[in-house]
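Here's a quick tour for anyone meeting this protein for the first time. Take a look at the picture, and then we'll walk through it.

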Amino acid sequence: MYNEKLFLTPQDILNKEFKVDAQGYRPQEVDQFLDMVIRDYTEFSNIIKKLQNDNRVLQEENNKLKSEYRRMKAIIDAANDSHATKSQYNNVDVLKRISNLEKAVYGKDNE
């Protein structure tokens, strides 16, 4: 994806050889090469900034989702606890009613 924007690979930089004139390297050739290196480094810098921003946004979203998950889990746990408590009360109520019916049917002597 980003490779289309880049002119050089690390191997290109490593293997680059400048032709030597009588007075040293040809300045125009060196300048052209350095211009390509500068463009690549600029592009790498832009890519890094974009990825860092994307990473920051994703981390914030992840934190929000984790918070929402914890909140929903707490609501579900509270609902489950409430349901379990209601079931316990319902069972106790049923047992009391059965006991009252037994007392009514069999009399108070069978307690």
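Contact, as the word is used here, means heavy atoms within 4.5 Å. Keep in mind that this is a predicted model.

Let's start with the overall layout. The protein has two helices and two strands, and reading along the sequence gives the pattern α-β-β-α. Of its 111 residues, 7% are buried.

Now for helix α2, which covers residues 27-106. Both E29 and V94 sit in this helix. How do E29 and V94 score on relative accessibility?

| Residue | Relative accessibility | Class |
|---|---|---|
| E29 | 17% | buried |
| V94 | 44% | partly exposed |

The class follows from the cut-offs: buried means under 20% relative accessible area, and partly exposed lies between that and the exposed class, which is over 50%. E29 counts as buried because its relative accessibility is 17%, while V94 counts as partly exposed because its value is 44%.

So which residues does E29 touch, once its neighbours within four places in sequence are set aside? The partners are K16, E17, F18 and K19.

Conventions. Residues are numbered from 1 along each chain as its sequence is written. This is a predicted model: local features need pLDDT of at least 70, side-chain atom pairs count only at pLDDT 80 or more; totals for chains, interfaces and linings use all residues. Side-chain values use heavy atoms; hydrogens and water are left out. Helices (H or I, at least four residues) and strands (E, at least two) are DSSP runs, numbered from the N terminus. Buried means under 20% relative accessible area, exposed over 50%, partly exposed in between (1.4 Å probe, protein chains only).
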